[in-house]
Amino acid sequence: RLHIVTWNVGTASPPPDVTSLLQLNSLGPTMDMYVIGLQEVNSKITNFLSDLAFDDPWSIFFMTVLSPLGYIKLSSVRMQGLLLLVFVKHVHLPFIRDIHTHYTRTGLYGYWGNKGGVTVRMSLYGHTICFMNCHLPAHMENTEQRLDDFEKILEMQFEGENIPSTLDHDVLFWFGDLNFRIADYGIHFVRESINNKRYNLLWEKDQLNMAKKKEAFLQEFMEGPLHFKPTYKFDLYSDVYDTSEKKRKPAWTDRILWRVKNLCQHASKEGEFSEEEQTISVTLNNYISHMSYGISDHKPVTGTFGLELKPLLSHPLVTLRPEGEWSAKHDVLISYSAVPEFPSSAWDWIGLFKVDFRHMNDYVTYAWVEDDEISCNKDSKQIYMSAAEIPDMGEFLLCYYSNNLQSIVGISQPFQIQPNRTLREKDLTQEENSWMEKPDYLESHNEF
């Protein structure tokens, strides 16, 4: 269950609530993954430099919302105003590998990053998945420039060995402020069609729909029906289309499309397709806009998908667990075992995380798997963590981080760290003593 968001936020700050945007009150099963693509994130030079050193406000905002629900930020990539965030449920972490990011500038002939694309790719249960958030050139007359820029973004190559090209991924999701407009029809006809909810009258003049009929490289991309109002351009904090002097014509600028490689290959071999050959399928469950959000002149759009996979990976590379009762009274032990083919490294580490941790570096403490090893046999190894590093109490889990694979390859079940009664008793005694000893400054100001 995958939920994709695209939203041109117009340099605004995050809204107070995104419950409906993320469908957090949905009665159905919870999502396994959230992929959030934003455009026009505030990229003034002071903001951008501070965001390079620390997480930007939008990343912090979504982490604050999603981490208590059991999601961690798996990856992110930013290029000026373009931001792409990927969140995933803990349980899937050991089966997500080979995560890489990339960005492609297309503004000012490729020298400026105000337009272009940011991309995250990964192996998910052995299948290759790619997410591409784009902001393409604006204005009615720039259709060809939009198509040229998208072709350029598709041609980019990830750094690293044996990483497929963008179009060679099993599934490619393409979304963003693609800026395609409604051609030919005048503003009055467009607005009247929208007011009467006769969106179908406008589909054939949507520039992206028109391009898909002519351009071979677009014909393999699928999109859900546009059963929602055009998402551009609105007056701020309203559902009223542009009332400024420019009176921009409404358009479906904000879109989510996808491409399944195997379907493309089977479609080219007429009569050879069979259900058994298909190891991954994508189903669109809903494709909607969210009119209640008014912080920018665009409305956000979401697509909720079902990904049906025949897992090529079904067992984690590393299995780990805490040994015995954990508390800060004594050093603690971790047992782990790895499959024979696991490419371990001296730089691998095991981290102790709170159950609602936000991202991979949000650990409480960690131990190096080689430096802190205390026993080893053919079935398992043990490492220790110092009592001085163990928190007093709470619910935690352990994650094994592989330096070679640049990802978490094993995760334990949640467990409790027992309260250190000795420390608690000492703290309470100190509190009692502090109340009994009246500070001098209170004695000298009794009249107050």
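Which residue in β19 is the bridge partner of serine 375? Some notes on that and other points follow.

1. Ground rules. This is a predicted model, in which local features need pLDDT of at least 70 and side-chain atom pairs count only at pLDDT 80 or more, while totals for chains, interfaces and linings use all residues. Residues are numbered from 1 along each chain as its sequence is written, and side-chain values use heavy atoms, with hydrogens and water left out.

2. The β18–β19 hairpin. The partner of serine 375 is glutamine 382. Strands β18 (residues 373–376) and β19 (residues 381–385) are antiparallel and share 3 bridges, and a hairpin of 4 residues connects them. Helices (H or I, at least four residues) and strands (E, at least two) are DSSP runs numbered from the N terminus; two strands pair if DSSP finds at least two bridges between them.

3. Isoleucine 334. This residue sits in strand β15 (residues 332–338). Isoleucine 334 is buried, because its relative accessibility is 0%; buried means under 20% relative accessible area, exposed over 50%, and partly exposed in between (1.4 Å probe, protein chains only). Leaving aside residues up to four places away in sequence, its contacts include Trp326, Ile350, Ile383 and Leu398, where contact means heavy atoms within 4.5 Å. Arginine 321 is 13 residues away from isoleucine 334 in sequence, yet their C-alpha atoms are 5.9 Å apart.

4. Strands β16 and β17. β17 (residues 365–368) runs antiparallel to β16 (residues 349–354), with 4 bridges joining them. Isoleucine 350 faces alanine 367 across this pairing. In a regular strand, side chains alternate between the two faces of the sheet.

5. Helix α6. Within α6 (residues 207–214), the residues Gln207, Leu208, Ala211 and Lys212 are buried. They lie on the same side of α6 because they span an arc of only 135° around the axis, the arc being that of the directions from the helix axis to the C-beta atoms. Lys213 and Lys214, on the other side of α6, are exposed. The buried residues pack against α3 (143–154), β8 (171–177), β9 (222–223) and β10 (254–260). At the N-terminal end, aspartate 206 caps α6, with a side-chain oxygen 3.2 Å from the backbone nitrogen of leucine 208.

6. Salt bridges. With a salt bridge defined as a side-chain nitrogen of Lys or Arg within 4 Å of a carboxyl oxygen of Asp or Glu, the count is 8. One of them joins aspartate 32 to arginine 1 at 3.5 Å, N to O. Another joins aspartate 297 to lysine 233, with the closest N and O atoms 2.9 Å apart. Aspartate 297 is in the loop between β11 (280–289) and β12 (301–309) and lysine 233 in the loop between β9 and β10, so this pair ties together parts 64 residues apart in sequence. Aspartate 297 is buried at 17% relative accessibility, and lysine 233 is buried at 19%.

7. Cysteine 130 is buried at 0% relative accessibility.

Definitions and conventions. Polar contact = N/O pair within 3.5 Å; in protein donor to acceptor, adjacent residues only side chain to side chain.
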